[in-house]
Amino acid sequence: MQERFLSSLQGNALAALPYLFECWALPHQIAPKGAWRNWVILGGRGAGKTRAGAEWVRCQIEGATPLSTGPSRRLALVGETYDQVRDVMIQGDSGILACSPKDRRPQWKAGERKLLWANGAQAQAFSAHDPEALRGPQFDLAWLDELAKWKRGREAWDMLQFALRLGKDPRACITTTPRNSQILRDVLAQSSTVQTHAPTDANRANLAPSFLEEMKQRYAGTRLGRQELEGCLLSDVEGALWSSAELAGQQCKEAPELDRIVVAVDPAVSAGKASDACGILVAGARHAGTPSEWETYVLADRTVQGEGPLSWAKAVIAAKEEFGACRVIAEVNQGGALVENLLRQVDPNVPFTAHHASKGKTARAEPVAALYEQGRVFHLRGLGALEDQMCQMTPQGFLGQGSPDRLDALVWAIHELILRPTSSYRLPRARVL
């Protein structure tokens, strides 16, 4: 069908096809319908965010003919620096000039920092480092690039809001790789904001296969990979017991030979989509040297959501068998003997230790956080959901949504492997399978 369609085009119709973005754009590159003021495009590196922003500008500025006007005529282009506006948003490979057909291509006036269209529309370049430059001008359209990394993001955003006041429906498009910035979170929280999202892989047809393969090998399953490749907005709370930077520095590709492996469980007391997850973490310890030198490796997250009690019990036993764990650890404050009974329905001989929490979650987590600060706990890849919860646990409690089920299971695992009396660790060596 595509070949038949293309063969039917001739002359100007065929020449115009590359510039009809809506014909071949990816879903996240198309502006949502409806009433909105801010459109945020979140995506991984190379996901096509810049192209989407440039094409949206064309859609708003251009008319049916080179001299006819579009819906908007006054545009603000705001990047972290003037150089980035020029080199990425205007002159870049996916910038406005590269995306525009020759008969509608604007003229770049470098000295004035302006783009001028033949139909009378114009765009002015601004640096987020100089928010005061946005005082005075007024616009009916704005394109902001990489908002999440602006050092003066709040000031620049606020000044732009006062300037975005022309026309009947002034709008802004924000293209950014997500970083944990307060201004980005505030914009996303506004009722007038809509968003689209895509990982790097969504735009693979326009990326070098070797680049994708290298990035996946290096960063897939890591917290940095979730941000830069999957385009996920990670949650770091100010004053949290853990930070993204700390956890990124304690990633490892594989664990050494381990002396002991356990599966820790934070049981779910109910089932269903709205229920808390059953946190299931696998961790192991290397007991070389003195106890102050022991290390822990978090091997896998086998947490299940919305499953009935017997289902998560099967998941626990499956994790035990997969990693050759010597014991299952579980908090039983709410489930009591039910937790052990469920596990023994699946495996009657499972070695099991029940823990009754006598301290609050924060008090239990703080000694574990201290081990991370000492560089004695390491993470294998694929623990992004756990790390999100860790970066939201503060001395005042957990500030994320729901229950920190994965984090609770992690805390019990490390208490069992490292923080309990040394006599409880003299068990046969186990290997990571």
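**Close-up views of a predicted protein model**

Of the 433 residues of the protein, 51% count as buried.

**Figure 1. Overall view of the protein, with its 15 helices and 16 strands.** The C-alpha trace spans about 80 × 55 × 40 Å along the principal axes. Of the contacts between residues at least 6 apart in sequence, 72% join residues at least 24 apart. The accessible surface is about 20,400 Å², and carbon and sulfur atoms account for 50% of that area.

**Figure 2. The largest nonpolar core, made up of 33 residues.** The members that touch the most other members are Trp-242, Val-298, Tyr-372, Met-390, Leu-410 and Ile-414. Two or more residues each are given to this core by strand 9 (260-266), strand 10 (279-286), helix 13 (361-373), helix 14 (384-390) and helix 15 (405-419). Helix 15 supplies the largest share, with 9 residues. In soluble globular proteins, nonpolar side chains tend to be buried together.

**Figure 3. Surroundings of Leu-410, a member of the largest nonpolar core.** With neighbours within four places in sequence left aside, Leu-410 is in contact with Leu-281, Val-298, Tyr-372, Leu-386 and Met-390. Three of these partners, Val-298, Tyr-372 and Met-390, are listed with Leu-410 among the residues that touch the most other core members.

**Figure 4. Another core, of 31 residues, lying apart from the largest one.** Its members include Cys-252, Val-282, Ala-330 and Phe-352.

**Figure 5. Strand 11 (residues 295-301) and its burial.** This strand is mostly covered, and 7 of its 7 residues are buried. Which strand pairs with strand 11 in the antiparallel sense, and over how many bridges? The partner is strand 10, and the pairing runs over 6 bridges. Within strand 11, Thr-296 is the bridge partner of Ala-285.

**Figure 6. Strand 11 beside strand 14 (residues 377-379).** These two strands pair in the parallel sense over 3 bridges. Phe-378 in strand 14 is the bridge partner of Tyr-297.

Definitions and conventions. Residues numbered from 1 in each chain as written. Predicted model: local features only at pLDDT ≥ 70, side-chain atom pairs only at ≥ 80, totals over all residues. Heavy atoms only, no water. Helix = DSSP H or I, 4+ residues; strand = E, 2+ residues; numbered from the N terminus. Buried < 20%, exposed > 50% of the residue type's maximum accessible area, 1.4 Å probe, protein only. Contact = heavy atoms within 4.5 Å. Areas by Shrake-Rupley, 256 points an atom, 1.4 Å probe, with all protein chains shown as cover. Core = buried A, V, L, I, M, F, W, Y, C linked by side-chain atoms within 4.5 Å. Pairing = 2+ DSSP bridges.
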